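Here's a quick tour of a structure, chain by chain and then residue by residue. Have a look at the coordinates before reading on.

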Amino acid sequence: MTITVDGINKRFGQFQALNNVSLNIPEGKLTALLGPSGSGKTTLLRIIAGLESADSGRVAFSGKDVTKLHVRDRNIGFVFQHYALFRHMTVAQNIAFGLESLPRKQRPPKAEIQKRVSELLDMIQLPHRAQRFPAQLSGGQKQRVALARSIATRPKILLLDEPFGALDAKVRKDLRRWLRNLHDEFHFTSIFVTHDQEEALELSDQVVVMSQGNVEQVNEPTELYARPDSRFVFNFLGQVNVLSGEVKHGSLSQGNARVTLPGIQHQGSAQLYLRPHEVRLATVPAEHANLPLRIEAVSLIGSEVRVELRPEGWTSEGSDDIWEVGISHAEFNDQRPTRGDLRYAVPEVGHLFTGKDTQPETVSWAEAKSFPRVRLIN
Amino acid sequence: MSTANQASAVIPQRWPRIGSRSKRVLPGFGLSLGISLLFISLILMLPLTGLVMEVSAMSFDQFWFVITDPRVVASYKVTALAALAASLFNGLFGLLLAWVLVRYEFPGKRLIDAVVDLPFALPTAVAGIVLATLFAENGWYGQWLSKLGIEVAFTPVGIVVAMAFTSLPFVVRTVQPVLEELAPEDEEAAVSLGASDALVFRRVIFPALWPALLTGVALSFTRSLGEFGAVIFIAGNMPYVSEVTSLMIFVRLQEYDYAAASAIASVVLLVSLVMLFAITLWQARYLKRIEGR
């Protein structure tokens with residue numbers, strides 16, 4: 001089933017939660033609604049589910065208008081962040097609830113329900129927990145039970161509200177993979193809400209980035225990361241380093257900092273956005289960029305070494321006036337950067353935002369590729 | 001102090017031991033437990049002990065004779081039935097009231113919330129006199145009810161009304177917090193699974209509420225068993241028809257027959273205690289089962 005959202009507005013008192021939101025969710029895809037808290041993503045999900053009603057606008061499933069349809073008649077599966085399991089019912093009773101709630105005519109016979117429940121218990125790998133109560137389960141197990149409960153009646157649409165938000169990192173990762181498999185197996189049209197960009201990029205086929213009740217950008221995860229089309233999306237999807245200054249004669253400068261911008265005609269104020277992996281660190285400035293930085297901290301944990309630096313003689317806007325650059329462990333072993341060292345950032349690819357125009361222009365410096373990462377001049 | 005030492009064995013292990021310099025906010029477990037026990041002894045246990053002493057002065061035959069006196073037995077029936085009716089009524093009405101107070105916003109909500117406690121604040125005798133006046137044949141309510149052929153004042157129905165009035169807060173105040181804690185997601189989950197409103201109430205909301213509701217009704221019942229002030233003014237107090245047990249105790253006291261009064265009181269006390277214990281145990285087991293501890 002495709003889901004169409006058309007011109008949805010929702011206001012809570014003075015707060016505009018959703019501002020004329022329109023969306024198309026393709027059939028059989030896993031879509032992430034991504035945004036910071038207060039961006040309206042949960043409200044949108046609840047409106048699609050029918051748990052909340054919009055002030056104006058339309059929701060349609062496969063072209064059929066369901067705006068006025070009650071949640072119980074929409075035949076959707078809904079998963080809550082805090083599981084919302086019925087605590088006085090056993091795991092098996094919880095899963096059977098949807099089937100037992102069907103009107104008498106559609107309700108399968110008892111034996112059929114039992115069979116279905118045990119199939120679902122096998123699927124979530126908890127057959128031995130059938131007679132337990134929710135309080136006796138771990139968080140991950142609870143969420144799996146909640147998922148099984150929501151799909152017991154075989155809905156075509158699965159909506160998940162921060163499904164992994166209350167779980168710890170390890171369980172979250174397992175459950176993510178498991179959900180992806182489940183989705184691929186059953187071909188739901190799924191939407192899940194998250195504020196975790198990593199989760200959204202890893203799990204989904206399509207990401208809807210939201211902010212302050214507006215849809216900022218809709219795209220596939222890889223495209224979204226490579227081509228964010230607004231400052232907001234850029235900032236929201238991972239760490240970003242910003243140089244804000246004046247462009248004159250194809251060169252952006254501020255204080256001590258200067259970067260040449262090949263192929264840019266713009267004159268006046270502009271911001272250059274650089275991702276941590278688009279920047280190299282060198283001990284001397286490059287031809288095309290002079291960005292002196294002093295090392296604040298070095299973090300070795302992970303597949304990359306993360307270096308935090310503070311601009312020297314200029315300022316960065318955004319996160320605490322800090323730049324973040326990722327270098328390989330091999331580079332780290334060669335250079336041995338330590339706190340207090342001076343380094344120069346050498347950008348390879350950057351994204352220039354000019355004026356109010358929100359679409360960035362991509363700038364790349366071919367010479368950076370050949371610029372030696374380590375130049376020992378002592 | 002040996003009592004304090006014994007009690008310390010009951011404290012869960014994760015708490016620091018009593019003697020050690022603990023990090024808890026309120027120090028002095030020994031002292032505070034001692035004071036608590038002293039007050040429980042003075043205020044609760046001593047009168048009870050007096051009661052038992054008084055009763056134990058009687059032989060069992062005497063005791064049995066007093067508590068099985070036909071007029072007293074009739075009063076047991078009247079009291080128990082009226083208390084049952086009153087507590088069931090409160091169970092229903094109290095649940096409704098708690099529901100309205102928790103789930104809806106309306107002008108005057110806080111006022112109603114405060115008024116619920118009125119039966120606790122009002123002297124029961126005053127309540128009894130007011131109710132008797134209202135329900136008397138020429139009273140505000142009574143004149144209309146009597147046209148319908150319903151007599152309330154000076155009948156067992158009056159007893160039920162008085163008991164229901166004085167014990168209503170128990171139900172409201174026990175159910176209210178549980179209702180407030182009930183997550184709206186549970187209901188939303190049930191509805192998203194296709195359940196009708198009636199089914200949601202029956203299978204999701206009520207099961208979460210009933211332990212509290214049962215406690216409220218039980219408290220209301222035991223309170224009604226012992227109700228005196230409010231009841232005697234409206235009951236009419238006709239032997240075998242509308243005399244409550246607490247009145248029988250009062251009558252014995254008037255006759256300076258303290259032993260007999262104590263004997264009857266011990267029956268009421270025993271019934272109340274057994275019932276409260278039973279419900280507490282049952283509930284603890286139920287909660288233990290679903291909490292898995």
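## Chain B at a glance

First things first: this is a predicted model. Read from the N terminus, its elements go α-α-α-α-α-α-α-α-α-α-α-α-α-α. The C-alpha trace spans about 60 × 60 × 30 Å along its principal axes.

Of the 293 residues in chain B, 40% are buried. If you take the contacts in chain B with a separation of 6 or more, 75% of them link residues 24 or more positions apart. The chain exposes about 17,200 Å², and carbon and sulfur atoms supply 70% of that area. As for charge, chain B has 20 positive and 20 negative charges, and their mean positions sit 12 Å apart.

## What UniProt says about chain B

An unreviewed UniProt entry puts the feature "domain: ABC transmembrane type-1" at residues 76-279 of chain B. In the model, that stretch is 79% helix and 0% strand, with its end C-alpha atoms 21 Å apart.

UniProt (unreviewed entry) also lists "transmembrane region" for residues 25-48, 80-102, 114-136, 204-222, 228-251 and 258-282 of chain B. Residues 258-282 of chain B are 100% helix and 0% strand, and the end C-alpha atoms are 36 Å apart. Residues 228-251 of chain B come out at 58% helix and 0% strand, with 12 Å between the end C-alpha atoms.

## A buried threonine in chain B

Thr79(B) belongs to helix α4, which covers residues 70-103 of chain B. Its relative accessible area is 2%, so Thr79(B) counts as buried, the cut-off being under 20%.

Who does it touch? Setting aside neighbours within four places in sequence, Thr79(B) is in contact with Met163(B), Ser224(B), Leu225(B), Glu243(B), Val244(B) and Thr245(B).

## The open sheet in chain A

Over in chain A, seven strands make up an open sheet, in the order β16-β13-β12-β11-β14-β21-β22, with antiparallel pairing. The edges are β16 (289-290) and β22 (361-364) of chain A, each of which pairs on one side only.

At the β22 end, strand β21 (residues 349-354) of chain A is joined to β22(A) by four bridges, and the two run antiparallel. Val349(A) stands opposite Ser364(A) in β22(A).

Two non-glycine residues of chain A are worth a look if you check backbone torsions. Gln125(A) has a phi near 60°, a positive value in a residue other than glycine. Gln125(A) sits in the loop between α3 (110-123) and α4 (139-151) of chain A, and is partly exposed, with a relative accessible area of 48%. Glu162(A) has a phi near 40°, again positive in a residue other than glycine. Glu162(A) lies in the loop between β7 (157-161) and α5 (169-186) of chain A, but Glu162(A) is buried, with a relative accessible area of 10%.

Technical notes
Residues are numbered from 1 along each chain as its sequence is written. Chains are lettered from A and ligands numbered from 1 in the order in which they are written. This is a predicted model: local features need pLDDT of at least 70, side-chain atom pairs count only at pLDDT 80 or more; totals for chains, interfaces and linings use all residues. Side-chain values use heavy atoms; hydrogens and water are left out. Buried means under 20% relative accessible area, exposed over 50%, partly exposed in between (1.4 Å probe, protein chains only). Contact means heavy atoms within 4.5 Å. Accessible areas come from the Shrake-Rupley method with a 1.4 Å probe; for residues, only the protein chains shown count as cover. Lys and Arg count as positive and Asp and Glu as negative; His and the chain ends are not counted. The place of a charge is taken as NZ of Lys, CZ of Arg, CG of Asp or CD of Glu. Two strands pair if DSSP finds at least two bridges between them. UniProt positions are given in the numbering used here, feature names are shortened, and annotations may be inferred rather than shown by experiment.
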